[in-house]
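Reader: I am new to this structure. Can you show me how to read it, one feature at a time?
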Amino acid sequence: MRNPTVASPEGFQLPDSQRRVIRWMIYLAFGALSIGIINGLGQALNYARVDILQYFPGMRTYYQGLTVHGVVNAIVFTFAFANGFLALTTSRALARPLNTPLLWAVLGTMVTGTLLAGYAMATGQASVLYTFYPPLLAHWSFYVGLALLVVSTWLTAILLFGALRGWRKENEGKRIPLMAFISVATYAMWTLASLGIAVSVVGLLIPWSLGLIDHSDPLLSRTLFWFSGHPIVYFWLLPAYVSWYVMVPRQAGGTLFSDSLTRVVFIMFLLLSIPTGFHHQYTDPGISGGMKALHGVLTFGVFFPSMVTAFSVMYALEIGGRRRGGTGLANWFLKLDWGNPALVAQILAMLTFTLGGITGLINASYNLNQAIHNTAWVPGHFHMTVGSAVTMSFMGIAFWLIPYLNRKELVGRGLALVSQWVYFVGVLVMARGLISGGLDGMPRRTEMLEAPYSKPSWELAGMLTGLGGTLMFVGGMLFFAVLIATILFGRKTETPEDIPFTDTYHPPATTGWEVKLDSFRYWVIATIVLILIAYGPFLAQYLPGNFTSTGYRFF
Amino acid sequence: MTVERIEKIFLGLTAAMLLVFLGALFYSAFGMGMHLPDRAGEILPSEVRNTPPFDDPGVREVGDNQYEVVLIGAAWSFTPREIRVPAGAEVTFIATTTDVIHGVHVEGTRVNFMLIPGQIAKVTSTFREPGEHLMICHEYCGAGHHLMYGRVIVE
């Protein structure tokens with residue numbers, strides 16, 4: 001019987017013209033990361049009370065550096081990487097070229113947005129951090145730049161759904177190839193999730209920064225920010241999950257076990273990522289305790305698919321380790337290919353993510369959050385999620401993606417391995433510092449160098465933060481050395497390489513309820529219903545809002 | 001969908017763990033009274049200093065072993081900067097901001113809440129042990145954010 005899926009269509013290569021655009025997207029991503037990491041060094045050393053920011057050209061304040069660090073790492077780097085990488089995975093899985101003008105539009109929007117926001121930040125007119133809570137008022141170009149960066153993700157969503165639609169017309173009745181399904185699901189989730197930030201930025205903050213409206217509503221904008229601000233962490237994470245699910249097993253010599261379970265996991269992220277934002281606002285006035293509790297429970301729900309992922313991915317790795325001769329309970333782990341930097345980076349990323357996940361669960365734990373909210377604990381937590389689980393996964397992917405996009409061989413495999421181990425040790429040391437300091441009240445987002453208050457126990461916490469951050473910086477710079485050397489000096493590969501993705505041990509079902517998993521329409525409707533339940537009561541009670549705050553430029 | 005037995009066990013344990021955690025949280029909230037800030041009214045940011053009770057910030061005894069702290073955050077200081085309360089008293093913070101978002105964290109305790117323009121924050125807690133705590137503004141509020149702090153002295 002003919003296999004009804006196109007899991008691995010033979011011989012499909014992305015056209016060179018499109019490969020080039022995606023290459024520039026990935027370059028933009030890592031260019032942004034390089035600026036972010038350099039600024040990060042200044043941030044980490046601040047906690048160790050070492051001031052290097054004064055040597056940064058044009059840097060007026062610590063908070064300007066912190067704004068740049070957050071925006072380029074958490075928004076430009078992640079968006080540019082997701083846009084390029086998931087466009088590639090979708091196109092490859094569907095064996096269809098993409099819409100070239102739209103692909104250029106994505107790149108153009110990202111570059112324009114980055115330049116506009118970058119101008120405002122570089123000139124010190126937008127030191128409002130990457131959360132840009134009003135009534136701190138930034139230059140309009142900052143908000144317009146952010147809006148364009150969000151628009152670039154919407155254009156990518158149109159690109160992916162367009163490709164899927166074309167594929168469906170020609171493949172009626174067939175299951176969507178897994179890698180395309182999980183890529184598109186990521187964008188379905190984020191498109192819905194980004195509406196909050198879009199309404200706040202386009203509807204409220206841009207007109208306010210241009211003087212068209214006089215007042216902002218800080219609680220409303222904050223709520224809209226976190227409507228998008230929690231699911232954004234899954235938008236950072238899911239491209240890494242795409243790699244963990246369908247690429248890492250192949251790289252480890254294993255097989256992904258279940259097709260259906262993988263789809264269920266991504267559907268769960270679509271459903272549960274968004275109605276959880278109030279767990280970032282547990283300590284806010286103006287929001288009822290009942291709504292906070294509801295979001296807390298749903299946040300616990302979204303922990304579940306991550307635990308399924310932990311199982312599935314470890315299982316796939318174990319299959320690989322045993323095929324390579326591993327035996328016993330743990331020996332298979334040592335038998336993995338520890339010489340492959342693409343794989344090693346992502347295994348280390350998974351290890352930091354276990355700690356990132358556990359600390360995240362603590363953040364979500366309702367009144368327990370009061371012990372750590374806005375302390376250094378929080379950056380300690382998210383440097384083990386986005387700052388390493390995601391970043392190291394993207395670096396690991398780059399070890400094959402940059403050679404693939406350039407048709408060149410990787411230069412400096414040994415150095416690549418060292419960069420990841422150094423970064424890994426660095427992030428653990430830094431997180432240890434931030435987390436212990438945070439538990440003892442050390443605040444986040446604060447220029448500790450100049451603060452008139454301190455506690456003796458913050459000394460060690462600060463030193464570890466500075467030391468760990470320095471190691472992360474060194475690891476990052478080694479990574480960029482490998483990248484640049486590969487781009488400049490890599491040997492041309494003769495035959496075109498394919499991207500490394502896997503089949504599943506259990507192929508997709510062709511009958512039964514599992515076929516329904518592919519109907520995005522129903523899942524999107526269900527997600528909207530959940531959003532209405534989670535945010536409807538608050539909005540019904542709160543709107544038309546409390547627009548009484550004039551803008552402040554306290555920077 | 002094929003799910004292996006070992007995976008079913010793993011996921012069952014995960015679900016059980018999450019339910020136990022949730023149970024503990026609900027007990028601590030409703031059984032032990034550790035609540036999060038709730039809705040406590042709105043206020044015009046430009047009129048904070050003319051609106052009771054914020055026209056007279058400070059600490060006052062309002063009942064038998066009950067104290068009220070009326071607190072204002074403004075870039076970049078708290079009013080009052082120093083709060084003295086007896087150990088074991090029930091202390092209710094009533095707080096707001098006149099300008100941008102600020103935060104209040106009395107380190108070493110679970111008094112941890114945001115000051116959002118237009119909103120009144122109300123938080124009740126009991127400091128059991130005598131001692132001194134830093135009260136830190138823990139939300140970025142501009143170039144002098146790190147200068148904004150105070151003290152809570154439990155006597």
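Author: Start with Met17(B), which lies in helix 1 (residues 5-31) of chain B. Helices (H or I, at least four residues) are DSSP runs, numbered from the N terminus. This is a predicted model: local features need pLDDT of at least 70, side-chain atom pairs count only at pLDDT 80 or more, and totals for chains, interfaces and linings use all residues. Residues are numbered from 1 along each chain as its sequence is written, while chains are lettered from A and ligands numbered from 1 in the order in which they are written.

Reader: Why does Met17(B) count as partly exposed?

Author: Count C-beta atoms, placed from the backbone: 20 or more others within 10 Å means buried, 12 or fewer means exposed, and in between is partly exposed. Met17(B) has 14 such neighbours inside 10 Å, so it falls in the partly exposed class.

Reader: What span should helix 1 of chain B have?

Author: The expected span is 1.5 Å times one less than the number of residues. Helix 1 of chain B has 27 residues, so it should span 39 Å; its end C-alpha atoms are 37 Å apart, which agrees. Just after this helix, Gly33(B) takes a positive phi of about 75°.

Reader: How do I read two packed helices?

Author: Two packed helices are described by the angle between their axes and the distance between the axes. Axes are lines fitted to C-alpha atoms, for helices over the stretch in contact, and angles run from 0 to 180 degrees between N-to-C directions. In chain A, helix 2 (residues 62-94) and helix 5 (residues 178-193) pack at about 145°, with axes 8 Å apart.

Reader: Which residues of helix 2 and helix 5 of chain A meet?

Author: Contact means C-beta atoms, placed from the backbone, within 7 Å. From helix 2 of chain A come Leu86(A), Thr89(A), Thr90(A), Ala93(A) and Leu94(A). Their partners in helix 5 of chain A include Met179(A), Ala180(A) and Tyr187(A). The contact divides into seven nonpolar, four polar and no charged residues. Nonpolar covers Ala, Val, Leu, Ile, Met, Phe, Trp, Tyr, Cys and Pro; charged covers Asp, Glu, Lys and Arg; the others, Gly among them, are polar.

Reader: How many residues of chain A are in contact with chain B?

Author: 55 residues of chain A are in contact with 53 residues of chain B. Helix 11 of chain A gives the most to chain A's side, with nine residues. By class, that side has 29 nonpolar, 19 polar and seven charged residues.

Terms used:
Helices (H or I, at least four residues) and strands (E, at least two) are DSSP runs, numbered from the N terminus. Two residues are in contact if their C-beta atoms, placed from the backbone, lie within 7 Å.
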